[in-house]
Amino acid sequence: MGITFRKETFRDDYTFRNSPEHIRRFPFPFNEDAYMYAVNIEPHVVGPKGSVLENLIDVDEHYVAEMQDRALVLAEDPLRCQSLPHMTLAGWDLLELLMEQQALGYPEHFTLERNGDRWRWINRPLGIDDTFTFGDTSTLPYGPMEYITRQSQGDFCILDQRDGNLWMDAGMVTTQADWSLDFDIGMNFFEWHAPVPLAHEKGIFTRALKFLTNIQQGKPARRLNWTMTINPRLDTSPENYHKWGPDRATVTPENVGDKVHLRVELQSFWRLPRSNGIVFPIRCYLIKMDELVTQPKWARRLHRVIRDLPEELATYKGLTRYRPTLVEWLSKLDDGSPTSPGFGPD
Amino acid sequence: MSTGTTKLDVVVSDVVPVNELVTRFHFRRRDGELLPTFSGGAHVVVEMRDGDRTRLNPYSLMGSPLDTREYTISVRRDDVGRGGSLFMHRQVKPGLEMVISYPVNLFSLDLRAKKHLMLAGGIGITPFMAQTSQLAGAGGNFELHYTCRTASLGTYADVLQQRYGNRVRLYHDDREERIDLDRLLSSQPLGTHLYVCGPAGMINWVRDRAAALGWPPETVHFEHFAAPQPGAPFDVELAVSGKTIRVGEQQSLLEAIEAAGVDPPYLCRGGVCGQCETNVISSDGKFIHNDHWLSEEDHRSGCKIMPCVSRFEGKSLVLER
């Protein structure tokens, strides 16, 4: 049985919703009642059935709608997708990775036929059936990275590895938490992380870079990151700040449950075989408070995490304006009883 | 988490003597599947089970990255080394089942380069075999300068000249042919990247001249796997695991640690990747540092050692392992 893809929007009338099954598989990012940065990196291996880790590249009920939203963003702003000239080979690496993983995990929706360098790719949800020559950009309607990332959920940064550093030299970024590929393109790991508070002092980026430059082929890694978004908007980019920034002033005690969304990024890191680059998929999951609190453990824990979050982090994540309203609303769902260990719902 | 690599179960599909010192080995997967794609400059670590002793040596992949039906490596026989190359030459025959690591690339091409200028010495030719295949397939601009002792020891010189014609220049020591290095380095177009692989003396010479002639350090790439050197046996205390071990004459410190059942992470086993860096808790004696990873300051401090290639002489050594 395949996935039933939802018809929904991430803008204007915001019809995005999670089905009950998708609420339970939401990658809730807190395994205890408090949050602080850590280098929370672990091997990206297949997880339990029915979780977002069931396949290493996750496709879910929002796939078709997310791809439509991406096409709208790109039509307005083509610079959300950029690849410096030396990154084309890495784009082919990424195309291979995403086609193989999607076909492996969802054979009813995707098929990859390889005959030497003549490849046929069938994407049934989007109605695509293309035959092309692997390595020959002229046989695809877009460059290899743009072609496949118009058909894959999540943002993708391709990092070139040289001089002991990683360089943001290509990417498809339309579902980002307030950062800009057009601004960061060509920057190295320390440059693009410069705005993050507290973590530099803890030496986190130095250790993280050492880890990432040693990621090996066949051994991807992952971590979770999180923030909050008002309305289920995927495209919370600096370029469109004027469209979504003011939403943060619209949160009231009456609409918290509908408007405030926990936004979780499943970030994974993969060594690319031909280019020796690293691809960094950033997969965004959204869940509104009304959906999240259907799991009582998550409601209690989120209340404690948001209430006790250090001020610098709350500011960096853009929660300051509506944090008191949110904490007040969540407090009514927190009877003070303990929460069980681990991420999952009870 | 461990940063080691995944292993591949392979079978030796062919053994081909190339000249009096060098033999080529071909590996295929035992399950008949394709091997992982790799990038030019990558190496694999080959596990050699020799009786009750296991050696793990890195070798550059020299086939075309476009052909993953088999991997090929070339091994130069070293009659005074620790025995890894002799094991390969004497014991490894077609049909032997072996274990190798996934490919790891610590000598990657910089794909921004307008031109790739490659300098090889002796068996240092092997990573360039794969890199030239990769670049030729993509229409890349490269030039290879290859120094060997004699024409008969010019491993793959004939193949390379046949493939790439005058993009390959040969220099034979016995004919007293020498690269005019300063002239070569001074006459390159802007945007050229320099790659060098060969004996330590050659690498140092090329890096020094490139620096003196104003090449930016990020355009100069080199691969130098220091093979572990044999030496006098010594004893080591592993404080974390509570073991005392003896490092044999033909054994590296890392191999001795592994033989005691302790598994530090590693990638290159040649003193360049930094994975097996180990803290020294106390020592009374002299370190013989052979790595290219620790700074001179680290070497002087006596607080760190790279057990894959470095040794110790003296009364006592306690490591944080």
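Colleague: Across which strands of chain B does helix α3 (residues 157-164) lie?

Modeller: Helix α3(B) lies across β9 and β10 of chain B, running at about 150 degrees to β10(B). Helices (H or I, at least four residues) and strands (E, at least two) are DSSP runs numbered from the N terminus, and contact requires C-beta atoms, placed from the backbone, within 7 Å. Angles, from 0 to 180 degrees, are taken between N-to-C directions of axes fitted to C-alpha atoms, for helices over the stretch in contact. This is a predicted model, in which local features need pLDDT of at least 70 and side-chain atom pairs pLDDT 80 or more, while totals for chains, interfaces and linings use all residues. Residues are numbered from 1 along each chain as written, with chains lettered from A and ligands numbered from 1 in written order.

Colleague: What makes β9(B) and β10(B) partners?

Modeller: Strands pair if DSSP finds at least two bridges between them. Five bridges join β9(B) (residues 142-148) to β10(B), and the two run parallel; His145(B) stands opposite Arg169(B).

Colleague: Why are β10 (168-172) and β12 (220-223) of chain B said to stand at the edges?

Modeller: The open, parallel sheet has the order β10-β9-β8-β11-β12. Both β10(B) and β12(B) have a single partner strand, so one side of each lacks a neighbour in the sheet. Neighbouring strands are turned by 15 degrees against each other on average, direction ignored.

Colleague: Which helix lies across β8, β9, β11 and β12 of chain B?

Modeller: Helix α2(B) (residues 126-137) does, running at about 160 degrees to β9(B).

Colleague: How do you know that the length of helix α2(A) (residues 63-76) agrees with its number of residues?

Modeller: The expected span is 1.5 Å times one less than the number of residues. The 14 residues should therefore span 20 Å, and the end C-alpha atoms are 20 Å apart, in agreement.

Colleague: Which residues of helix α13(A) (residues 323-331) are buried?

Modeller: Leu326(A), Trp329(A) and Leu330(A) are buried.

Note on methods
Two residues are in contact if their C-beta atoms, placed from the backbone, lie within 7 Å. A residue is buried if 20 or more other C-beta atoms lie within 10 Å of its own, exposed if 12 or fewer, and partly exposed in between; C-beta atoms are placed from the backbone.
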